[in-house]
Amino acid sequence: MTNIESDSSREWASQAYALLKQKQELKKRAEQQKVEELKVEEVKVEEVKVEEVKEETISEEQKVEELKVEVKKMDFSNSQDDTEVKLGEFDDNFTWSAMVLAAQGKKVNEISIDEIDWLSKLRRGLEETRKGFVSELLDKLGDDPLTPESLDDLETLLIRADVGIDSTDKVINSLRKKLNEEVVGGEEGIKFLKAELRAIIEKPINNSGRKILVPQKGKLNVWLIVGVNGVGKTTTLGKLAYLSSKSNYKTLIAAADTFRAAAVEQLQVWGDRSNVDVISNQSKNADPAAVVFDAINAANKRKSDLLLVDTAGRLQNKNNLMDELSKIKKIIDKKVPDAIIESLLVLDASQGQNGLKQAKSFAKSANLSGAIITKLDGTSRGGVSLAVSAEVNLPIRFIAAGEGIKDLKPFNSFEFVEALLADR
Ligand SMILES: Nc1nc2c(ncn2[C@@H]2O[C@H](COP(=O)(O)OP(=O)(O)OP(=O)(O)O)[C@@H](O)[C@H]2O)c(=O)[nH]1
Ligand SMILES: [Mg+2]
């Protein structure tokens with residue numbers, strides 16, 4: 001399905017591209033018209049002002065200069081939308097992304113620039129993982145039918161890509177079984193491999209009973225963002241705040257990492273960008289549980305749907321870290337017993353097997369309900385997502401492939417596996 005060589009696929013993608021281009025043009029024209037209207041208004045106002053100050057000593061010339069500067073400023077602020085995504089080239093990236101969307105049942109006129117942009121980023125992000133895994137795999141498999149030897153090669157490659165022993169065993173065993181029953185061609189082998197990888201990732205998601213994680217309406221949802229230092233907790237929280245407020249959930253942020261220097265300021269920047277308030281306590285050595293206490297009060301008062309809690313990753317040792325988390329949970333249970341609590345572990349994909357260790361250790365003590373994989377851009381260890389699913393039984397809820405506010409999306413196993421094996 002993602003065979004971008006096929007003529008009909010290209011034709012389909014080219015139609016989607018033309019439609020998007022048309023939409024973008026229309027939007028641009030509408031915006032330009034608005035700016036023109038504003039300019040006319042501004043000039044009228046300035047003309048009145050000029051009339052009024054005619055008696056004064058300011059020369060007409062000076063006034064025109066000031067007016068020019070004003071108009072310039074206005075143009076700048078109008079075009080300043082750091083979240084706007086522009087349509088790129090009609091290239092291989094576009095075609096591939098459009099095909100992945102089509103394979104999931106999207107119609108040609110339902111595709112958005114945002115989706116294309118994200119898929120291109122994900123595909124690009126997983127390039128390093130692919131280089132050390134898929135390209136070699138394809139060379140080994142070639143177009144010939146699979147052999148027991150090629151399965152041994154595949155096994156080594158999967159382990160090297162941080163997929164983990166358990167999940168590798170599962171994949172290899174089912175491939176071996178299939179191979180014993182019939183001849184499996186290279187192309188078919190890849191198809192089968194994709195399905196197996198998807199099944200591994202989807203298992204904990206299906207077990208959880210919820211395909212995607214969204215705040216449940218009518219209740220306070222509290223999402224604790226946990227993980228060791230530097231994995232991307234605060235950044236992830238900022239992106240989640242944007243996603244959630246854009247989706248019309250009343251959102252609030254609790255700055256409960258009171259240990260890290262400037263953590264509140266860092267959160268405030270993200271809060272400002274998505275128009276979400278941050279509840280914090282600026283005093284030195286503030287108690288994280290007390291911040292959460294205040295934040296719950298605020299959330300109740302405002303009838304918030306979602307409270308996002310940033311937590312510390314830098315405590316002296318693991319026990320302190322877990323104690324802090326359980327104190328926070330106790331406060332929530334006590335104050336809002338019917339709140340829906342999600343403990344989401346943030347894992348930095350580039351840490352590979354180390355990330356897996358963190359997941360295992362947090363899963364034991366922190367009662368996790370899901371994982372968020374960050375920094376999938378530019379790492380060769382994206383395969384660790386599979387190990388987290390298979391070995392820790394954690395549903396992956398979101399993934400991030402960049403530092404921008406839009407570089408985090410709900411996890412989609414189909415898209416992830418297609419991006420991982422994008423060369424075929
Ligand atoms: N390339 C890339 N960088 C990321 C991503 N997510 C976070 N980062 C970067 O990772 C660094 C650490 O991010 P933070 O959000 O401060 O991490 P943290 O877990 O809150 O760190 P502490 O609060 O110090 O424990 C920052 O430079 C982020 O910009 C991502 O998906 N891709
Ligand atoms: Mg932080």
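These notebook entries record what I looked up in the structure.

**Basis.** I worked from a predicted model, in which local features need pLDDT of at least 70, side-chain atom pairs count only at pLDDT 80 or more, and totals for chains, interfaces and linings use all residues. Residues are numbered from 1 along each chain as its sequence is written, while chains are lettered from A and ligands numbered from 1 in the order in which they are written.

**Sheet.** I found 8 strands in an open sheet of mixed pairing, ordered β3-β2-β4-β1-β5-β6-β7-β8. Strands are DSSP runs of E of at least two residues and helices runs of H or I of at least four, numbered from the N terminus; two strands pair if DSSP finds at least two bridges between them. β3 (277–279) and β8 (408–410) are the edges, each with a single partner strand, so one side of each lacks a neighbour in the sheet.

**Strands β1 and β5.** I noted that β1 (residues 221–226) and β5 (residues 340–348) run parallel and are joined by 6 bridges. Valine 226 is opposite leucine 345 in β5.

**Ligand 1.** I listed 21 residues around ligand 1, the closest being Gly232, Thr234, Thr235, Gly313 and Ala400; a residue is near if its C-beta atom, placed from the backbone, lies within 6 Å. Helix α10 (residues 233–246) gives the most to this shell, with 3 residues. I recorded the shell as 4 nonpolar, 9 polar and 8 charged residues. Here Ala, Val, Leu, Ile, Met, Phe, Trp, Tyr, Cys and Pro count as nonpolar, Asp, Glu, Lys and Arg as charged, and the others, Gly among them, as polar.
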